[in-house]
Amino acid sequence: MQNPFDLDNPAAYLRWRDRKLARAITDTSDLIVEIKDPRALTTTEHAALLDRCQRSNMVIYASRSEEVDEETVRLFGLQFGLKSLDANWLAGEQGITRITVCAEDGQRQAYIPYTDRAIKWHTDGYYNPPERQIRGFVLHCVQSAGQGGENRLMDHEIVYLMMRDSNVDFIRALSAPDAMTIPERTDEQGVARAAQTGPVFSVNADGTLHMRYTARTRSIEWKQDATTLAAVTFLEKLLASDIPHIYRTRLEPGMGLLCNNVLHDRAAFVDDVAAQRLLFRARYHERIAETASS
Ligand SMILES: [Fe+2]
């Protein structure tokens, strides 16, 4: 099959591009699908969720389910072929992480997801080794913040498309195996995570597009080459823009994001005095089934 992400095949790219733009969601409200029980979707609900994922690599579901736990999230993911949970040493037993402010736990406190601070644009697990790349995730909201905590979301295929349209050399530079390096992280015991060098854009074995990215300026080293740096600047400006392909949303209790690890950020928030913001996050090595494009 002809791959649209092959830089030597502009015809395949243009065919894919036309279809992608024609079907892409440009209104956040079209991204939201109401469901009853995340554990057992109806055929219609499943089809509606999958349709959004096929068009824009993500969907926001809104359920009325009150008693949601880690098992609910696991069962929800399974209905989309998501089964290889990424083992996270901070995660709970089932490999599903509770994202909440941890004022007491010094180990977690060192990580920004467990604070109330803003998180810049990124894809999940950009620091993971190649064999543990994150291709899909579910983020389920149990409790929203008193104020703030909104997310911006952008389909990484649209990011690719806009960069390739602007300058194909941007894609070439960000596909280089040495484009981006996350330095090693050390703690009292020594090296806690080895340095990871790799591309921003890569093509998965099934021909789909994968993206690793963080807008962090500390703890990241970009290849010091004019085209790479120009591509990074272009990407930063794109993500700071106000185009309809950037969705803005706030997950409320019962709502969740199912996606093929699209780009996302998080605004700072203030917890309600009565209840802390709490989200369940499940990260998977595979993409959502039946979402391969082209
Ligand atoms: Fe994230």
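Let's start with helix 7, residues 226-240, which lies across strand 4, strand 7, strand 15 and strand 17 and runs at about 125 degrees to strand 7. Contact here means heavy atoms within 4.5 Å. The axes are lines fitted to C-alpha atoms, for helices over the stretch in contact, and the angles run from 0 to 180 degrees between N-to-C directions. Helices (H or I, at least four residues) and strands (E, at least two) are DSSP runs, numbered from the N terminus.

Before I go on, a word on what we're looking at: it's a predicted model, so local features need pLDDT of at least 70, side-chain atom pairs count only at pLDDT 80 or more, and totals for chains, interfaces and linings use all residues. Residues are numbered from 1 along each chain as its sequence is written, and side-chain values use heavy atoms, with hydrogens and water left out.

Four strands make an open sheet in the order 4-17-7-15, with antiparallel pairing. Strand 4 and strand 15 (246-249) are the edges, each pairing on one side only. From one strand to the next, the twist averages 15 degrees. Two strands pair if DSSP finds at least two bridges between them, and strand 4 and strand 17 are joined by two, running antiparallel. Ile119, for instance, has Arg266 in strand 17 as its bridge partner.

Now the metal. Which residues coordinate the iron ion? His122 and His264 do it through NE2 and Asp124 through OD, at 2.1 to 2.2 Å. Along the chain, the donors follow the spacing H-x1-D-x139-H. Asp124 sits in the loop between strand 4 (119-122) and strand 5, while His264 is in strand 17 (residues 263-266), so that pair ties together parts 140 residues apart in sequence. For donors, we take N, O and S atoms within 2.8 Å of the metal (3.2 Å for Na, K and Ca); water is not among the atoms, so sites may look incomplete.

Are those two buried or exposed? Asp124 is buried, at 5% relative accessible area, and His264 also counts as buried, at 7%. Buried means under 20% relative accessible area, exposed over 50%, and partly exposed is in between, with a 1.4 Å probe and protein chains only.

Next up, strand 16. Five of its five residues are buried, so the strand is mostly covered. Met255, Leu257 and Cys259 point one way, Gly256 and Leu258 the other, and all are buried. Strand 2 pairs with strand 16 in the antiparallel sense over five bridges, and strand 5 is joined to strand 16 by four, also antiparallel.

The buried residues of helix 3 (residues 70-78) are Glu70, Thr72, Val73, Phe76 and Gly77. Down the helix axis they fall within an arc of 160 degrees, so they line one face of helix 3. That arc is taken from the directions from the helix axis to the C-beta atoms. What covers them includes helix 2 (43-56), strand 2 (58-62), strand 3 (96-99), strand 5 (136-143), strand 16 (255-259) and strand 19 (278-284).

Last topic: charges. Side chains of opposite charge can pair when their charged atoms come close. A salt bridge here is a side-chain nitrogen of Lys or Arg within 4 Å of a carboxyl oxygen of Asp or Glu, and by that rule we count 17 salt bridges.

Take Asp155 and Lys20, whose closest N and O atoms are 2.6 Å apart. Asp155 lies in the loop between strand 7 (151-154) and helix 5 (156-166) and Lys20 in helix 1 (residues 10-23), so this pair ties together parts 135 residues apart in sequence. Asp155 is buried at 1% relative accessibility, and Lys20 is buried at 6%.

With Arg98 in strand 3, the pair ties together parts 28 residues apart in sequence. Glu70 counts as buried at 18%, whereas Arg98 is partly exposed at 40%.

Then there's Arg132 with Asp86, at 2.9 Å, N to O. Arg132 is in the loop between strand 4 and strand 5 and Asp86 in the loop between helix 3 and strand 3, so parts 46 residues apart in sequence get tied together. Arg132 is partly exposed, at 30%, and Asp86 is buried, at 5%. Finally, salt bridges with shared partners join Arg17, Asp18 and Asp165 into one network.
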